[in-house]
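Me: Hi! Could you walk me through this one?

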Amino acid sequence: MITSGQVTVGTASAVQVGISSPSPIYLTVHNNDNTKVLYLGGTAVSTTTGLRLLKEETLQFKLNPSEALYAVSASGDHVVSWLAQTT
């Protein structure tokens, strides 16, 4: 099953990107912004600890059951697109 969506990320706290699932999922994350960097990681992700997703860059992840990916930005109103495929 394939699902997709968008989420707005800000500076205050990490926001979940995509879905959590009881089965493995393949998650594609796209930074929609053409100037801002996005930071990815776990629930405690920050702009100093996260994996940088540069402007208009896309990354793919395989998440195990009950894992989730979170994002934070150095500026507010940062839109991120995602596509998830469950197995």
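Reply: Happy to. Buried means under 20% relative accessible area, exposed over 50%, and partly exposed in between (1.4 Å probe, protein chains only). This is a predicted model, where local features need pLDDT of at least 70 and side-chain atom pairs count only at pLDDT 80 or more, while totals for chains, interfaces and linings use all residues. Residues are numbered from 1 along each chain as its sequence is written, and side-chain values use heavy atoms, leaving out hydrogens and water.

Me: Thanks! How many helices and strands does the protein chain have?

Reply: The protein chain has zero helices and eight strands, taking helices (H or I, at least four residues) and strands (E, at least two) as DSSP runs numbered from the N terminus.

Me: And what share of the residues is buried?

Reply: Of the 87 residues in the protein chain, 36% count as buried.

Me: Switching topic, how many salt bridges does a search of the whole structure find?

Reply: The search turns up one salt bridge, meaning a side-chain nitrogen of Lys or Arg within 4 Å of a carboxyl oxygen of Asp or Glu.

Me: Which side chains meet in it?

Reply: Those of D33 and K36, at 3.8 Å from N to O.

Me: Is D33 buried or exposed?

Reply: D33 counts as buried because its relative accessibility is 15%. K36 has 21%, so K36 counts as partly exposed.

Me: Last one: what does the C-alpha trace span along its principal axes?

Reply: For the protein chain, about 35 × 25 × 15 Å.
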